[in-house]
Structures are given as C-alpha cells and as structure tokens.
Amino acid sequence: MGSTWQRERLNLLVPIALICFVLLIKTSSAQEAQQPWYENLPAVAMDYKVHIDAGKEDCYHQYVQAGATFYVSFSVVRGGDGMAGFAVRNPANEVVKPYQWQATADYTDQVSPGGYYSVCIDNQFSRFAGKLVNIYITVVKYDAWDKYAKEIEELQLNMQNFTSSIGTVERNINDMIDYQAHSRHRESRDYALLLDNNSYIQTFSISQIVVILITCSIQVFFVRKLFDVRTSSKSRI
C-alpha cells in the first residue's frame, strides 16, 4: 500500500518538475532575446542609406553600453536643396544635438550613460522633394582593452605599454573609419550630382535637336510652297 502511494506521488512530481524546467528555459531565452545581439561586442559600426519623404521626419534608435563612445554622422546624398534637419537625443530623452538645417553634421558622446540614443532626420521644410540620406553610426567600448590588460596581469605579465599601444591604435583606426565615412558621403553626393547633370544635359540636348529638326522641316515646307506654280488645264482661245 505504501509503495503504491509513493509511486503515484513520484508520477505526479516528475511532470511538475518538467513543466517548471521548460518555463525556466523559456524565461531565460526571452530575456536573452530582449538584449541586443551586439551588447557584448567591443565595437560596432553601421552605415545606412535611407530615403526621407517630403514633409516627413524619421527617427532611428541605437543602443549604447554604459561608458562606451557613441558617434553618429549624417550627410544628404541627393534631393532638393541638399540639406535636411538633424537632431540627436540621449537616453534621458534630452536633445544633445539641436535641429539644424544643413547638408552634413555629426555628434560624439565620449562617455555614454547607457541606453538608447535617438537620431532624427527632419525633412518637413521640403514640401515636394524627398532626400536620400547617409547615416553612419559607431559604438566603441574602449574599456574592453582594460579588461584584457587585467587578465594579462593575472598571468604576472607586465603588458601595460603593449595594451596602451593597442588602445592608441584602436582609436586611430576608429578615427580613420570616421574619415572614410565622410569621404564616402562626399563621393556619394558628387556621384549623384554627376548623374543629375548628365541626365539634364542629355534631356536638354535631345530637346534642342527635336526643336531644330521641326523648325527646319517647317521652313523647307513653306519655302517649297513659294515656288509651287499651278498650271491650268484650260487653254485660252
């Protein structure tokens, strides 16, 4: 009797334990899914080309770890007068980069408090022309090198000069990447201007050729009309 009761109790406890285990796995996986995939990376760089419709405003959000360096730049590639509004809000929803109507701009936060930054592109002053905008964002966590230095110090190796040199190289590399992004922005704008000029010249030239052909045809028609002599079939008696 006692063994039967214990067996039934064990049969009840096993499914309950399995259900609790599955719930714990789902909860942990849901928490991991909420975290950005790049949260533990020491550096992230992203380059976007977005189209802003006329009279519209688009905002983009970027997660930045606490203590990391946040950098964003924008440049209008083509469209309208070649300028747009640009503003940045920090994780506290404070405007750290006020709106300015310009062709290119950038913003840097050397030590971020951590959270989501909002980057807004405003095209509300342009009522008819859409804009193609290039956005470049980097998030760099320089203290990751300090973590590596501590791990090396635990192995009783003095690598302070080496790690500081690596940190300097990393900063120089990021400066070069930012400069290359500006160069790409200018190249994109120049290429778009060349395409627009080529299209304008071709359209204007073809229109001029068509007008000249039509004018010449009309002139030839009326000149021939002047020399057109009508002959009468009846002879005078």
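Which residues form a nonpolar patch on the surface, and how much accessible area do they have together? Here are my notes, with that one taken up in point 1.

1. **The surface patch.** The patch is made up of Ile206, Val210, Ile214, Ile218, Phe221 and Phe222, with about 600 Å² of accessible area together. Patches are built from residues with over 30% relative accessible area and no salt bridge, where like charges are joined within 9 Å and nonpolar side chains (Val, Leu, Ile, Met, Phe, Trp, Tyr) within 5 Å. Areas come from the Shrake-Rupley method with a 1.4 Å probe, and for residues only the protein chains shown count as cover.

2. **What we are looking at.** Please keep in mind that this is a predicted model, in which local features need pLDDT of at least 70 and side-chain atom pairs count only at pLDDT 80 or more, while totals for chains, interfaces and linings use all residues. Residues are numbered from 1 along each chain as its sequence is written, and side-chain values use heavy atoms, with hydrogens and water left out.

3. **Overall layout.** The protein chain has three helices and eight strands, running α-β-β-β-β-β-β-β-β-α-α from the N terminus. These are DSSP runs numbered from the N terminus: helices are H or I with at least four residues, strands E with at least two. Of the 237 residues, 27% are buried. The accessible surface comes to about 17300 Å², and carbon and sulfur atoms hold 59% of that.

4. **The core.** The largest nonpolar core has 22 residues, and Phe70, Val72, Phe74, Phe86, Ile121 and Val133 touch the most other members. Elements giving two or more residues to this core are β1 (43-52), β3 (69-78), β4 (84-89), β6 (104-109), β7 (115-122) and β8 (131-140). Such a core is a set of buried Ala, Val, Leu, Ile, Met, Phe, Trp, Tyr and Cys residues joined through side-chain atoms within 4.5 Å. Leaving aside residues up to four places away in sequence, Val72 touches, among others, Phe86, Val88, Tyr107, Val119 and Ile135; contact means heavy atoms within 4.5 Å.

5. **The disulfide.** A search of the whole structure finds one disulfide, taken as a pair of cysteine sulfur atoms within 2.5 Å. Cys59 and Cys120 form it, with their sulfur atoms 2.1 Å apart. Cys59 sits in strand β2 (residues 57-64) and Cys120 in strand β7, 61 residues apart. The torsion about the S-S bond is about 110°, so the disulfide is right-handed. Cys120 is buried at 1% relative accessibility, whereas Cys59 is partly exposed at 36%.

6. **Salt bridges.** The structure holds three salt bridges, each a side-chain nitrogen of Lys or Arg within 4 Å of a carboxyl oxygen of Asp or Glu. Asp47 and Arg184 meet at 3.5 Å, N to O, linking strand β1 to helix α3 across 137 residues. Arg78 and Asp196 meet at 2.7 Å; Arg78 lies in strand β3 and Asp196 in helix α3, so this pair ties together parts 118 residues apart in sequence. Lys131 pairs with Asp81 at 3.3 Å, joining strand β8 to the loop between β3 and β4. Lys131 counts as buried, at 1% relative accessibility.

7. **Ser188.** Ser188 is in helix α3 (residues 160-226) and is buried at 17% relative accessibility. Ser188 touches Lys49 and Val77, not counting residues up to four places away in sequence.

Notes. Buried means under 20% relative accessible area, exposed over 50%, partly exposed in between (1.4 Å probe, protein chains only).
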